[in-house]
Amino acid sequence: MNETPAELRDKSRSARLALVKSVHTIVWAFFVACIGAIWVFALRGEIVGAGIAIAIVLIEVAALACNGWRCPLSPIAARYTDDRRDNFDIYLPGWLAGRTMPIFGTLYVAGILLTLLMWASQAFN
């Protein structure tokens, strides 16, 4: 059975969207792991490790800030679908995709504060 050009285009668009969503999900998981690492390092008193994780996430924060607080991968995914739900561009549940910045932004800032607190407690002991 031969596919029509329109069917082939739809398959190509779907494959490209799946690739962008996969990459976006991997990048998201990496930065979530870095935010978790900040907490682990800080609680263990490993301030250098926490600082490295903070710096890595700060690169993502800068990328988001330069892109109007939207992931730079979202416009790429938007080329391949008309869907604009919160999770159209990532393999996350919609409720989480729509709350990623408030949830993980709060954890990031709190991790920075914890790191500073742990550093201060080491410095003054």
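**Rings, a helix pair and a loop**

Colleague: Is phenylalanine 31 buried or exposed?

Modeller: Its relative accessibility is 16%, and buried means under 20% relative accessible area, exposed over 50% and partly exposed in between (1.4 Å probe, protein chains only). This is a predicted model, where local features need pLDDT of at least 70 and side-chain atom pairs 80 or more, while totals for chains, interfaces and linings use all residues. Residues are numbered from 1 along each chain as its sequence is written, and side-chain values use heavy atoms, without hydrogens and water. By that 16%, phenylalanine 31 counts as buried.

Colleague: Thanks! What geometry does the aromatic pair of tryptophan 28 and phenylalanine 104 have?

Modeller: Rings of Phe, Tyr and Trp (its six-membered ring) pair if their centres lie within 6.5 Å, and planes under 30 degrees apart are stacked, over 60 edge-to-face, the rest tilted. Here the centres are 5.7 Å apart and the planes at 90°, making the pair edge-to-face.

Colleague: And how many residues separate those two?

Modeller: Tryptophan 28 sits in helix H1 (residues 5-43) and phenylalanine 104 in helix H5, helices being DSSP runs (H or I, at least four residues) numbered from the N terminus. Both residues are buried. The pair links parts of the chain 76 residues apart.

Colleague: Which residue has a positive phi although it is not a glycine?

Modeller: Most residues other than glycine have a negative phi. The exception here lies in the loop between helix H2 (47-66) and helix H3 (74-78), and is partly exposed at 48% relative accessible area. With a phi of about 60°, this is tryptophan 69.
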